[in-house]
Amino acid sequence: MHIDWAALGSVFGVSLAATVGLVGLFTLGIVGLSRPSATGAGQGAVVRTGAYACFALCAAAVAYGIFLIVA
């Protein structure tokens with residue numbers, strides 16, 4: 001049995017980066033929604049829109065991962 005350590009390291013690195021990025025994006029969405037909009041109505045709407053965009057990107061990344069597994 002031969003293990004290609006370079007390929008294994010590459011898969012590990014990409015999966016680690018994707019996991020950290022996805023968790024960070026989700027965290028930004030949670031923080032955006034948990035902040036009280038005391039700074040004004042206009043800025044609160046921008047922060048809420050950014051939080052929803054973070055959640056949409058998370059959902060797109062999960063859907064793409066499922067697509068890669070199924071296809």
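Biologist: How many helices and how many strands does the protein chain have?
Modeller: This is a predicted model, and the secondary structure is read from it. Another is α2, made of residues 41-70. The count for the protein chain is two helices and zero strands.

Biologist: Is the protein chain a compact globule or more spread out?
Modeller: For 71 residues the globule rule gives 11 Å, and the radius of gyration is 17 Å, well over that value. The C-alpha trace spans about 65 × 25 × 15 Å along its principal axes. Because the radius of gyration exceeds the rule, the chain is, compared with a compact globule, more spread out.

Biologist: What percentage of the 71 residues is buried?
Modeller: A residue counts as buried under 20% relative accessible area. The protein chain exposes about 5,500 Å², with 76% of that supplied by carbon and sulfur atoms. Of the 71 residues, the buried share is 8%.

Biologist: How many disulfides does a search of the whole structure find?
Modeller: A disulfide is a covalent bond that joins the sulfur atoms of two cysteines. The cut-off for the pair of sulfur atoms is 2.5 Å. The search of the whole structure returns a count of zero.

Biologist: How far from C54 is the nearest cysteine sulfur?
Modeller: C54 takes part in no disulfide, and the nearest cysteine sulfur belongs to C58. A pair must lie within 2.5 Å to count. The distance from C54 to the sulfur of C58 is 6.9 Å.

Biologist: Is C58 buried or exposed?
Modeller: C54 has a relative accessible area of 12%, so C54 is buried. For C58 the relative accessibility is 8%. With the limit at under 20%, C58 is also classed as buried.

Biologist: What separates the C-alpha atoms of Q43 and L8?
Modeller: Q43 is in helix α2 and is partly exposed, at 48% relative accessibility. L8 is one of the residues of the nonpolar patch. Q43 and L8 are 35 residues apart along the chain, and their C-alpha atoms are separated by 45 Å.

Biologist: How far apart in space are A56 and L25?
Modeller: A56 belongs to helix α2, and its relative accessible area of 46% makes it partly exposed. In sequence, A56 and L25 are 31 residues apart. From C-alpha to C-alpha, the distance between A56 and L25 is 9.9 Å.

Biologist: And what separates the C-alpha atoms of G13 and A45?
Modeller: G13 sits in helix α1 and counts as partly exposed, at 34% relative accessibility. Along the chain, G13 and A45 are 32 residues apart. The separation of their C-alpha atoms is 36 Å.

Note on methods. Residues numbered from 1 in each chain as written. Predicted model: local features only at pLDDT ≥ 70, side-chain atom pairs only at ≥ 80, totals over all residues. Heavy atoms only, no water. Patch = residues over 30% accessible without salt bridge, like charges linked within 9 Å, V, L, I, M, F, W, Y side chains within 5 Å. Areas by Shrake-Rupley, 256 points an atom, 1.4 Å probe, with all protein chains shown as cover. Salt bridge = Lys/Arg side-chain N within 4 Å of Asp/Glu carboxyl O. Helix = DSSP H or I, 4+ residues; strand = E, 2+ residues; numbered from the N terminus. Buried < 20%, exposed > 50% of the residue type's maximum accessible area, 1.4 Å probe, protein only. Rg over C-alpha atoms; globule rule 2.2 N^0.38 Å.
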